[in-house]
Amino acid sequence: MGFFKNLFGKDEKPSTPISKPLNLEKTAEMLDEDLYWKIIDASLKNSTNQNEQEQFLISEISKLAPKQMVGFRLRTDKLLYDTYTSEMWCASYLMNGGSSDDGFEYFRNWVISRGKEVFYNAKRNPDTLISQKDFAEEDIYEFELFWYVALEAFEKNTGKELYDYIDEDNFKTKEGNYPQFEFNWQ
């Protein structure tokens, strides 16, 4: 029986990886905002298009603890909530030649993906997005896959669904709870 071990230095039984249980409870805690924007800014410096940015973000988010990965998604949802305004929808409509509900969601993801300064300037005054006119992909100012980078990283690292770890009862600034507004543009 020791022949296999003597020849290869191993036992005959293949070793199976020990999977650690995921010790994570549901959370409503967002990722620290400075860390969030640091990751976004690094993604902009290390990519030339949305596909590269998406892959960079998944890689960087994968380095975080699982709770922080959930927090990244929650921070994104909060920023989306904060920009759910008539003025921002008008910007989406003008820049994209129209804007459905989903298109408006993807537009705001694109705004976030452009970094902290662009985001906060646009939040104050969406007209500032003219500075980003050269950053469309195929003449569309949307980035749907940005919304899913934390989900991809979480599943890649844990084998679990990130949504299962969001404390829905305590996280209110999300899709489904958006504020009501009247369009103030035509």
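Q: Where does Asn109 lie?
A: Helices are DSSP runs of H or I of at least four residues, numbered from the N terminus. Asn109 is part of helix H6. The model is predicted: local features need pLDDT of at least 70, side-chain atom pairs count only at pLDDT 80 or more, and totals for chains, interfaces and linings use all residues. Residues are numbered from 1 along each chain as its sequence is written, and side-chain values use heavy atoms, with hydrogens and water left out.

Q: Is Asn109 buried or exposed?
A: Buried means under 20% relative accessible area, exposed over 50%, and partly exposed in between (1.4 Å probe, protein chains only). Asn109 is buried, because its relative accessibility is 0%.

Q: Which residues does Asn109 touch?
A: Contact means heavy atoms within 4.5 Å. Not counting residues up to four places away in sequence, Asn109 touches Thr76, Leu80, Phe143, Phe146 and Trp147.

Q: Which residues of the largest nonpolar core touch the most other members?
A: A nonpolar core is a set of buried Ala, Val, Leu, Ile, Met, Phe, Trp, Tyr and Cys residues joined through side-chain atoms within 4.5 Å. Here the largest one has 43 residues, and those touching the most other members are Tyr36, Ile61, Val70, Phe72, Phe107, Ile112 and Leu129. The largest share, 6 residues, comes from H4.

Q: What is Leu129 in contact with?
A: Leaving aside neighbours within four places in sequence, its partners include Met88, Phe107, Trp110 and Val118.

Q: Where is Gln132 found, and is Gln132 buried or exposed?
A: Gln132 sits in the loop between helix H7 (116–124) and helix H8 (149–158). Gln132 is buried, with a relative accessible area of 8%.

Key
Helices (H or I, at least four residues) and strands (E, at least two) are DSSP runs, numbered from the N terminus.
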